[in-house]
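Q: Hi! I'm new to this one, could you show it to me and walk me through a few spots?

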Amino acid sequence: FILSQLSSYFKDILDNLEFRNMSIDALGRYALMYSRYIEGYDTDETISIWVDRSGEVSAFNGMNIGKYNHIQIPQKEQIEIAYSELVKKIEGLPFDNIRCVKTMITTDTMGRIYLEIFINFKTDMYDENGGEVLIRIS
């Protein structure tokens with residue numbers, strides 16, 4: 001019910017975004033997150049909406065609304081090739097449980113667009129939590 005009300009209330013804002021997840025915070029509010037995907041890649045253009053128990057919107061965060069409205073990925077094939085080569089190289093390393101945790105389109109402080117890839121791994125050199133590597137493909 002809450003999702004349908006929010007979808008109609010925020011229709012213009014949420015029009016190009018996809019529902020990502022919903023949780024309940026420590027205050028009992030519903031926390032809903034929406035995100036823009038471009039050609040299958042997640043972006044940092046997200047909107048978070050908090051709804052209290054009475055159904056009122058108690059908080060809203062949309063820092064990057066419209067950031068990628070006119071973005072296309074002309075080198076998608078090159079990115080996929082670079083990504084698969086990266087995975088092959090990583091698979092040859094002496095790590096356990098290597099997995100891509102997240103990929104996301106974002107920008108640096110100069111406004112240049114790149115793809116962030118977060119890779120999680122474990123080795124004997126690290127504690128049981130392992131480590132995480134951030135790789136940027138621009």
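A: Happy to; here is a short tour by question and answer. This is a predicted model, where local features need pLDDT of at least 70, side-chain atom pairs count only at pLDDT 80 or more, and totals for chains, interfaces and linings use all residues. Residues are numbered from 1 along each chain as its sequence is written, and side-chain values use heavy atoms, with hydrogens and water left out.

Q: Thanks! Where is Glu 45 found?
A: Glu 45 sits in strand β3; strands are DSSP runs of E, at least two residues, and helices are runs of H or I, at least four, numbered from the N terminus.

Q: Is Glu 45 buried or exposed?
A: Buried, because its relative accessibility is 2%; buried means under 20% relative accessible area and exposed over 50%, with a 1.4 Å probe and protein chains only.

Q: Which backbone nitrogen lies 2.9 Å from a polar atom of its side chain?
A: That of Gly 66. The Glu 45 side chain also reaches the backbone nitrogen of Tyr 68, at 3.1 Å.

Q: Switching topic, what are the buried residues of α3?
A: They are Ile 79, Leu 86 and Ile 90. Down the axis of α3, the buried residues fall within an arc of 35°, so they line one face of the helix; the arc is taken from the directions from the helix axis to the C-beta atoms.

Q: And which residues are exposed on the other side of α3?
A: Glu 77, Gln 78, Lys 88 and Glu 91 are exposed there.

Conventions: A polar contact is a pair of N or O atoms within 3.5 Å; within protein, one must be able to donate a hydrogen and the other to accept it, and residues adjacent in sequence count only if both atoms are side-chain atoms.
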